[in-house]
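Hi,

Here is the structure I promised to pass on.

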Amino acid sequence: MFPSKPVPAAEAAPAAGEVAVVFVTYNSAGVIGRAVASVPAGCAAVIVDNASPEGTAWRSGLARPAEFVAMGRNAGFGTACNAGARAARARYVLFLNPDAVLEPGSLARLLEAARRYGAPGVFMPTIVGEDGKAMRKEGSVFEPVPRRARLGRNEVAGDYCTRFVHGAAFMMERAAFLELGGFDEAIFLYHEDDDLSLRLVERRIPITVVADARVVHAGGGASTPSLAHTFRVNRAKKRSELYLYAKYRRRRSRVRDAAVLLGGCVLAALLLDPHRFMIRAGKLAGVLGAKAAGPS
């Protein structure tokens, strides 16, 4: 059950046209209804579907109106987000995963922070799991912060700046997002938020975590898991990682990567662990496969 936070009586709801919430769906029937229902009345909701094989019959059961954009193919997360931003007509766009839920009052708090700190800027809610624990990542793929070195709950006394924008939930002025180029559409899935973070940091655009705005992120609930799905996800993840290394001219030994992953496949097979085997095999396929970060 999702934890909730009461909304102060004096807290104003977002004005119509101020913000649009963009969702990207792919076989997300089990979670999208709850996510859309968490969007405050008066705010636009835009759903971009990446040609879900399971269809979109769930649209008729949504608790509130939403604009629907059909991609016609599985174009990838970043490309679909960009399409949603172009379709939106609000000043701000908030990207929210279909397995994430806005807590009451959180959108108003994000907008208040945007007014307080000014533009340009990215405003990110505190993202927590269903267990209430904060889900933090404070550096990109090139500057990872170990879990033991990340901020603990008792170390956060208010809003703070970070160097990583979590793609699961963040808000930015729509015009600024599009002017920045949006997400890199060469990245099919995974690490598109690393790339966006690197560009934001390069342009000195602050990424602010708004402590009192909260999103509950189930994680992994947007599509049906299977061994084949695990393989495809990890292949895409590895391709995206290698694409970033090439894009930013960072050195990476594919031969070493392949050797380590092959060893991991052998070990997983000996341990009779099919899930771990598919993770390693998917990443190995990503190393040995096409140069691009696409779905082929």
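Below is what I found, going from the whole chain down to single residues.

First, the ground rules. This is a predicted model, so to speak of local features I needed a pLDDT of at least 70, and side-chain atom pairs count only at pLDDT 80 or more, while totals for chains, interfaces and linings use all residues. Residues are numbered from 1 along each chain as its sequence is written, and side-chain values use heavy atoms, with hydrogens and water left out.

**Confidence**

pLDDT is the predictor's confidence in each residue, on a scale from 0 to 100. The chain averages 89, and 89% of its residues reach 70 or more. Over residues 1-10 the pLDDT is below 50, and this stretch has 20 contacts in the model beyond near neighbours in sequence. Residues 292-296 are also below 50, with 15 such contacts. A contact here is heavy atoms within 4.5 Å.

**The chain as a whole**

There are eight helices and nine strands. Of the 296 residues, 50% are buried. For burial I use relative accessible area with a 1.4 Å probe, protein chains only: under 20% is buried, over 50% is exposed, and partly exposed is in between. If you take the contacts between residues at least 6 apart in sequence, 76% of them join residues at least 24 apart. The accessible surface is about 14,300 Å², and carbon and sulfur atoms hold 56% of that. Areas come from the Shrake-Rupley method with a 1.4 Å probe; for residues, only the protein chains shown count as cover.

**The inside**

The largest nonpolar core has 31 residues, and those with the most contacts inside it include Val48, Phe95, Phe170 and Leu200. Helix α2 (residues 77-87) gives the most to this core, with six residues. A second, separate core has 30 residues, among them Val36, Leu107, Ala113 and Ala168. By nonpolar core I mean a set of buried Ala, Val, Leu, Ile, Met, Phe, Trp, Tyr and Cys residues joined through side-chain atoms within 4.5 Å.

Helix α2 is mostly covered, with ten of its eleven residues buried. Phe77, Cys81 and Asn82 are among those buried. Its buried residues pack against β1 (19-25), β2 (44-49), β3, β4, α4 and α5.

Asn97 is also worth a click. It sits in the loop between β4 (92-96) and β5 (100-102), and counts as buried because its relative accessibility is 16%. Leaving out residues up to four places away in sequence, Asn97 touches Phe23, Ala35, Phe77, Gly167, Ala168 and His217.

**Salt bridges**

I get 17 of them, taking a salt bridge as a side-chain nitrogen of Lys or Arg within 4 Å of a carboxyl oxygen of Asp or Glu.

- Glu67 and Arg89 pair up at 3.2 Å, N to O. Glu67 is in strand β3 (residues 67-70) and Arg89 in the loop between α2 and β4, so the bridge ties together parts 22 residues apart in sequence. Glu67 is partly exposed at 29%, and Arg89 is exposed at 69%.
- Glu185 pairs with Arg86, with the closest N and O atoms 4.0 Å apart. Glu185 lies in the loop between α4 (174-179) and α5 (192-202) and Arg86 in helix α2, so this pair ties together parts 99 residues apart in sequence. Glu185 is partly exposed, at 43%.
- Arg276 and Asp273 meet at 3.7 Å, N to O. Arg276 is partly exposed at 34%, and so is Asp273 at 26%.

**A surface patch**

Leu262, Val266 and Leu270 make a nonpolar patch on the surface, with about 310 Å² of accessible area together. Patches are built from residues with over 30% relative accessible area and no salt bridge, joining like charges within 9 Å and nonpolar side chains (Val, Leu, Ile, Met, Phe, Trp, Tyr) within 5 Å. Leu270 lies in helix α7 (residues 254-270), and counts as exposed because its relative accessible area is 67%.

Cheers

Terms used. Helices (H or I, at least four residues) and strands (E, at least two) are DSSP runs, numbered from the N terminus.
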